[in-house]
Amino acid sequence: MIGFTGREALGKDTSAVFRLEAGIRNDTGQSDQNGRLFGSQAYVGLANRWGAVTVGRQYDVGYETLSEVADPFRGGMAGTATNLMGNGNKRSDNTVKYRSASIHGFVASAIYSFGESAFSTSRNRAYGAMIGYQGGPFTLRAAHQRKNNFLQGAGATTPVDLSSRNSLVAANVHLGQATTVYAAYAVNRGVGSSPWDQDNPYGALVLASPSTRSNDALAGVSYASGAATYMLSYIRKDDRTLANQDANQIAVGMTYSMSRRTAFYAAYARIKDHNGAPYTVGNFSEKGQGRSAVNIGLRHAF
């Protein structure tokens with residue numbers, strides 16, 4: 001992942017902000033988001049003490065809630081919760097987002113994504129909202145989002161409705177200086193509510209009929225000792241359709257801060273699928289292959 005973030009003061013407590021992020025496959029050098037130059041995020045906006053308004057390709061409120069609050073792995077390595085929990089596509093194009101600053105511990109955000117299709121301006125239209133509170137050792141957030149992804153058919157082809165509705169409650173609590181406990185519960189409805197990203201073939205679900213109803217649960221813990229942080233998480237995907245394609249994931253990992261800007265990380269995750277469910281670990285495999293993965297790397301912020 002390569003990213004650029006900028007902030008330029010405009011006066012009167014207002015700044016212009018931008019962010020460009022690109023995922024690049026280290027085996028081929030190709031874009032990891034279906035050929036997009038900056039396919040992870042690409043937005044500009046204005047920020048002040050009341051919050052920020054941004055426009056462009058951005059993460060959905062459900063993904064942000066999961067990765068920032070409930071996932072010990074922060075959505076960045078093997079074992080991340082976003083490959084098995086709900087929320088459908090984790091980012092949307094043509095998105096206007098408002099995210100508030102923290103006011104007496106309360107935070108909120110809302111998004112609206114304009115549809116864009118040769119068939120209809122309503123296709124891919126999405127909207128959602130999040131509200132949360134952080135006080136003392138507790139952090140709690142709730143998010144809900146909907147996406148209209150009706151794929152119009154041509155001729156005798158039957159239209160396919162990949163719309164989705166995802167609701168999520170996420171929390172964590174700090175137990176002393178070293179230990180943090182995480183939890184989340186998600187309710188997902190619609191063919192497009194499964195955790196797949198159509199822009200990214202890796203980790204996508206290759207399902208003739210993706211789950212239209214599932215309830216997902218996460219429990220995790222992290223423990224900091226000196227420069228090292230150790231992480232453990234368990235995820236249960238409960239498919240409520242007749243196919244009953246449940247899945248369980250267990251993951252362990254660690255990070256080691258070598259300096260203020262540089263960190264080493266390693267993680268291992270394994271998924272057990274039931275009744276032919278083709279879920280895979282993160283972005284380490286495609287076409288339903290790869291039920292386990294090891295992730296080792298180095299992060300540096302310039």
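Where does G39 lie? G39 sits in the loop between β2 (14–22) and β3 (41–48), where helices (H or I, at least four residues) and strands (E, at least two) are DSSP runs numbered from the N terminus. The model is predicted, so local features need pLDDT of at least 70 and side-chain atom pairs count only at pLDDT 80 or more, while totals for chains, interfaces and linings use all residues. Residues are numbered from 1 along each chain as its sequence is written, and side-chain values use heavy atoms, with hydrogens and water left out.

G39 has a relative accessible area of 0% and is therefore buried, given that buried means under 20% relative accessible area, exposed over 50%, and partly exposed in between, with a 1.4 Å probe and protein chains only. The C-alpha atom of G39 is separated by 9.5 Å from that of Q58, and these two residues are 19 residues apart along the chain.

**The loop between β1 and β2**

Both K12 and D13 belong to the loop between β1 and β2. Most residues other than glycine have a negative phi. K12, however, has a positive phi near 55 degrees, and D13 likewise has a positive value, near 65 degrees. With a relative accessibility of 84%, K12 counts as exposed, whereas D13, at 46%, counts as partly exposed.

**Salt bridges**

Side chains of opposite charge can pair when their charged atoms come close. Under the criterion used here, a salt bridge is a side-chain nitrogen of Lys or Arg within 4 Å of a carboxyl oxygen of Asp or Glu, and the structure holds 10 of these. One of them joins R49 to D13, with 3.8 Å between the closest N and O atoms. R49 lies in the loop between β3 and β4 (51–59) and D13 in the loop between β1 (2–11) and β2, so this pair ties together parts that are 36 residues apart in sequence. R49 is exposed, its relative accessibility being 56%.

A salt bridge also connects E68 with R99, and here the closest N and O atoms are 2.9 Å apart. This pair links distant parts of the chain, since E68 belongs to helix α1 (residues 61–70) and R99 to strand β5 (residues 91–100), 31 residues away. Both partners are partly exposed, E68 with a relative accessible area of 31% and R99 with one of 26%. E68 and R99 also take part in a network of salt bridges that includes E64, K97 and R141. Another salt bridge brings together the side chains of R240 and D238, and R240 is partly exposed at 44% relative accessibility.

| Salt bridge | N to O distance |
|---|---|
| R49 and D13 | 3.8 Å |
| E68 and R99 | 2.9 Å |
| R240 and D238 | 2.7 Å |

**Aromatic pairs**

Rings of Phe, Tyr and Trp (its six-membered ring) pair if their centres lie within 6.5 Å, and planes under 30 degrees apart count as stacked, over 60 as edge-to-face and the rest as tilted. The structure holds three aromatic pairs. One of them, formed by Y59 and Y63, is tilted, with 4.5 Å from centre to centre and 35 degrees between the planes. Y59 is buried at 12% relative accessibility, and Y63 is buried at 7%. The rings of F106 and Y133 have their centres 4.8 Å apart and their planes at 50 degrees, so that pair is tilted. Because F106 lies in strand β6 (residues 106–113) and Y133 in strand β7 (residues 125–135), the contact ties together parts that are 27 residues apart in sequence. F106 is partly exposed, with a relative accessible area of 48%, and Y133 is partly exposed as well, at 38%.

**Pairing around β11**

Two strands pair if DSSP finds at least two bridges between them. Strand β11 (residues 164–175) pairs with strand β8 (residues 138–148) in the antiparallel sense over 10 bridges, and within this pairing L140 stands opposite A171 of β11. β11 also pairs in the antiparallel sense with strand β12 (residues 179–189), over 11 bridges, and there V173 is opposite V181 in β12. β11 and β12 form a hairpin with three residues between them, and G176 in the turn has a positive phi of about 80 degrees.
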